[in-house]
Amino acid sequence: MKKKNITGFSVVSVILSLSLILAGCGAKTSDTSKSAPSGGDKVYIGWVAPLTGSGANYGEQMLNGAKLAAKEINDAGGINGKQIEIISQDDKSDPKEAANIAQMFTGDARLVGVLGNYNSSCALAGAPIYDQGKLPVIHVGTSPVFSKQKHDYLFRISVTDAFQGSFVAKWMNDEGLKKPAIIWENDDYGRGLKETVSSEVTKNGGKVVGDWSYMLNQTKDYSALLTNVKESGADSIFIGGLYTEGALIGKQMQQLGLKLPVYGTDGLYEKSLIDLGGDAVEGWKTSGLFLPTDPNPTLQAFIKAYTAAYGKTPGSYAALHYDAMKILAGAIKAVGTDHEKVQAYLAKLPEPYNGITGSVTFDEHHDSTRSSLTKLVIKGGQWQLSQ
């Protein structure tokens with residue numbers, strides 16, 4: 001009898017698990033609720049990033065960028081006559097959730113590839129699962145850890161933290177700032193930036209006077225941390241984090257009367273930093289891949305289409321996932337839907353992809369290669385090129 005009860009429970013558990021998986025895999029960004037088996041009239045591509053929590057703005061941009069690219073491809077006839085359909089999931093910036101979604105995606109035979117994640121910790125959590133399932137992924141995680149680990153099926157379209165950190169550290173040094181304090185997000189992303197900037201400052205003959213960490217989505221009061229910075233003798237601040245926390249830090253710096261030049265990378269480069277921080281973030285400087293006011297015709301066409309579709313100006317991550325969708329679609333068009341063939345094509349792109357965020361190829365670590373970054377500053381409540 002006891003064994004019979006356990007068996008009955010197992011059957012129910014299996015049914016419930018299958019129901020949850022099928023429900024998750026049915027989430028769509030397209031207008032139709034129908035699904036099609038592999039080999040039907042659609043090409044299914046998974047998408048995963050935060051749509052809730054402090055990273056939701058980035059996730060929304062990424063999804064919108066991917067959807068815009070998919071629409072353009074579909075309107076032009078699709079991929080070898082098949083329409084792209086995106087299956088989207090919210091990882092909530094939670095590595096455990098990201099790993100669960102990776103399991104779901106690798107178990108969905110319809111999927112040809114995946115776009116995501118935003119957070120490095122989430123991408124790293126899913127990486128071994130995608131490798132094992134041989135499902136190609138183009139992600140925007142920036143942690144240097146990806147370069148050190150071997151992930152055959154992951155491709156990074158964003159710029160690494162090592163590249164960005166070195167770029168900004170040199171910029172600070174060139175402006176005569178030799179004693180920065182580092183405030184960093186306590187995860188793979190922030191830690192990578194902290195380590196890179198610390199190393200580069202030392203190489204440039206400077207000294208990091210101290211570093212202090214905070215918890216993403218948790219820390220709200222930075223007064224004690226900023227008091228330590230104020231007493232450290234720092235001549236500048238580098239923030240290894242995102243715009244939501246950056247805006248809070250800026251406002252609390254203002255309240256404490258802490259006036260120091262602030263630098264960061266593309267995690268801060270968002271219009272939302274200005275919307276949330278106001279005049280407290282005036283003068284802040286960051287690296288970036290593009291500026292919406294750049295007159296480049298290709299960039300302006302993208303901005304016009306994005307603004308018409310979503311009623312707002314795109315940021316870097318919208319552009320990155322727009323490019324990522326175009327690159328993945330190009331691979332599928334060239335070699336078909338076989339995962340191993342798509343992976344091999346991405347690993348050795350026959351020619352650079354010239355996209356919104358610049359020319360893209362992948363190196364031996366599957367990192368995108370970039371020649372340089374743009375120096376940006378908040379001036380008059382707007383992002384502008386830093387002179």
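Predicted model: local features only at pLDDT ≥ 70, side-chain atom pairs only at ≥ 80, totals over all residues.

Mentor: Residues are numbered from 1 along each chain as its sequence is written, and side-chain values use heavy atoms, with hydrogens and water left out.

Trainee: Let me begin with strand 6: how many of its residues are buried?
Mentor: In a regular strand the side chains alternate between the two faces of the sheet. Helices (H or I, at least four residues) and strands (E, at least two) are DSSP runs, numbered from the N terminus. Buried means under 20% relative accessible area, exposed over 50%, and partly exposed in between, with a 1.4 Å probe and protein chains only. In strand 6 (residues 180-185), 6 of 6 residues are buried. Pro180, Ile182 and Trp184 are on one side, Ala181, Ile183 and Glu185 on the other, and both faces are covered.

Trainee: Which strands does strand 6 pair with?
Mentor: Two strands pair if DSSP finds at least two bridges between them. Strand 6 runs parallel to strand 8 (residues 236-240), with 5 bridges, and Ala181 has Ile237 as its bridge partner there. Strand 7 (residues 210-214) also pairs with strand 6 in the parallel sense, over 5 bridges; here Ile182 stands opposite Asp211.

Trainee: What do strand 6, helix 7 and strand 7 make?
Mentor: A crossover is right-handed if, with the strands pointing away from the viewer, the path from the first strand over the helix to the second runs clockwise. Strand 6, helix 7 (residues 188-203) and strand 7 make a right-handed β-α-β unit.

Trainee: How many residues line the largest pocket?
Mentor: Rolling a probe the size of a water molecule over the atoms shows where empty space is left. On a 1 Å grid over the protein atoms alone, a pocket is an open set of points where a 1.4 Å probe fits, with protein on both sides within 12 Å along at least five of seven lines; lining residues have an atom within 4 Å of a point. Grid points are joined across faces, edges and corners, and a volume is the space filled by probe spheres set on the points. The largest pocket holds about 440 Å³ of space and has 21 lining residues, with Lys271, Pro292, Thr313, Pro314 and Trp383 nearest its centre. Helix 10 (271-277) is among the elements that supply at least two lining residues, and helix 10 gives the most, with 4.

Trainee: Where is the cis peptide bond?
Mentor: The cis bond joins Gly116 and Asn117, with omega about -15 degrees. Asn117 is found in the loop between strand 3 (111-116) and helix 4 (120-133).
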